[in-house]
Amino acid sequence: LGLALYAALGAAFLYHDYCVIGAGPSGLQAAYFLQRAGRDYVVFERSHAPGSFFALYPRHRKLISINKRYTGKSNSEFNLRHDWNSLLSHDRRLLFRRYSRDFFPDADAMVRYLEDFASLLQLRVQYNTAIIHVTLEKDERAWNGHYFLLTDQDRQNYKCSSLLVATGTWVPNVVNFPGSEYVEGYETVSINPEDFAGQTVLILGRGNSAFETAENILGVTNFIHMVSRSRVRLSWATHYVGDLRAINNGLLDTYQLKSLDGLLEGDLEDLAIVKDKKGKLHITLRFYLENRNTSAGIDSITLPQDELDNFATRAPYDRVIRCLGWKFDFSIYNRSLRMMPGKGNKKKYPQIKPSYESRSTQGLFVLGTASHSIDFRKSAGGFIHGFRYTTRAVHRLLENRHHSVPWPSTVYPITQLANSIIKRVNEASGLYQMFSVLADIILLRENGTAFEYLEEYPVGVLAELEMQTGRKAPSGLFVIIMEYGRNFSGADKDVFYYNRAVGEAQHAWQSNFLHPVIYYYKRLPTEHEMRLRPPDWPLPRPDAVHHIVEDFLTDWTAPNAHILPLRRFLENCLGTDLRNFFAESCFLFAFTRQKLPPFCRQGYARAQGLVGSEGLRRHAAEAGLLEDYTLTDFSSSDRPPDSQGGSRDQLLRDHVIAVPPLQHLVNAKDE
């Protein structure tokens, strides 16, 4: 797929099927999948190297994404559950644990990692190319009925059929109020603690950047006050990794233990800052300045402490620092694309569908941090350990839409249904990180003898599954998803209360911690049903639902607590027996039942299984799984005392016993 030149409106356009704006983590992840699929693409990066955001941020260079190098497991998929920095690739050299030994790595390690990811995989990144304008050109021949026209800083033009926006959120949030010109921004403030020695500091903001800044200067300042519109949200209470992390919360200690520092709540737009002759900054309220001549000096301005002598912020400050996070850059997009900001607390993100496609422009997909409106304050879609999976999901949607490559799937016999679910919930990292957003889908075949397994599909577009994946769901489906308890997460929740965990299978629906939930639908839910789903439910009401009880070790392999209840749920939904049997039982069923269980039909009836051995036979007999008939063919009065062992060995040689694999023994017998 070579480079094509187009001439339009007197300007030359360099054409690619896919254009990716931004060579940050999500842009590189998208490039990896496009390259592996052999697609025509290019990545535009305004800087001279990938991951330019991490070259500056976080300012104090400590990442809050964990780098857990040891888990006690060798399963690479499971280990990604606790590796929050690696991108997905086939190259084992590109695991982040090879770049840092720190649990909370230095941001410079991320810069090196992204540089190596781009170079070792030979991704097609065009550096020093800042896209300054994007517009549409309608054309019936285009994939989506229009092309995307991009212009860079050198007035070079590009034309693309699909546009993947991976620029992240990098424009600082700024609040304008009287005196805001005296405020220093997080992006430029000094990171040398000695510059704050003996000073009194006010920080605007309540997120990790605010607390990161406070943590850096906590030991040298007179005191630090922090003000924000909302109360502090602790990540261990909300189970949202973007809320305040323990690594940065030293100010909470000094506040609650009364060591001068403190937190305040208030609307920043109601504030005003007045500077006195000594350079001190006084906090007042905007309405005190209305209809007043602020240039006349501070002595002529009423301050809150003039009316309320114990006003909380009556002491003047030496510095005020703004730490309010970032927002998406909408400025480069022409009106024709109708890139609109979200509403409420999602206004810093562009509006997109649950498929990560723009609500207004077909073929424009938003990846990475900028796509976080889908799961804001719910899951990990705004962070590397989340959007590496949503980026892969978008790639699979595009492969089906434009190249007729269906969503990857595997077909298994129905007897492997419980095993397939147990395997995935115990090792899948995409389900684990993008809980309530990505789900595994099991499509049942019409004859009930097999099923098709699709991994990590966005549940928000479940109603569109057949169109988006190229797979059919004629006979019902199971949806496997990970969830926290409905009422367990929240800024005001006590997540350390006694009896916070559930341990018995019959109370699994009351599980609080992250656990697997299986939804069963007799038919694919409609778009109308998706819109009417209960509040905070990821899916509409199912025909049946099963919670696998939470587990302290996140190891859902207990035969009685996890596997047996799951198998019975699946049997009830399917109206069949999913147990595994020894050949002896299948032989008996063939003479006593009109219909054999699936395991016997697909195994014993086809002469499949393992050849028995004396060790297996003895194990099954001692466990009560099989009758021991080896002695019943001979009378003890007819056999010499010393011939018992030989006769048993002879019988085993003469009578081949077919048994299922050992891994099936755990559920070979119902209670």
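Good morning. I begin with strand β3, residues 41-44, where Tyr41 and Val43 point one way, Val42 and Phe44 point the other way, and all are buried (under 20% relative accessible area, with a 1.4 Å probe and protein chains only). Strands here are DSSP E runs of at least two residues and helices are H or I runs of at least four, numbered from the N terminus.

This is a predicted model, in which local features need pLDDT of at least 70, side-chain atom pairs count only at pLDDT 80 or more, and totals for chains, interfaces and linings use all residues. Residues are numbered from 1 along each chain as its sequence is written, and side-chain values use heavy atoms, with hydrogens and water left out.

β3 pairs in the parallel sense with strand β4, residues 125-126, over two bridges; DSSP must find at least two bridges for strands to pair. In this pairing, Val43 stands opposite Val125 of β4.

After α4 comes Gln122, with a positive phi near 55°.

Finally, an open sheet of five strands has the order β9-β15-β10-β11-β12, with parallel pairing. Its edge strands are β9 (184-185) and β12 (262-265), each pairing on one side only.

Methods:
Buried means under 20% relative accessible area, exposed over 50%, partly exposed in between (1.4 Å probe, protein chains only).
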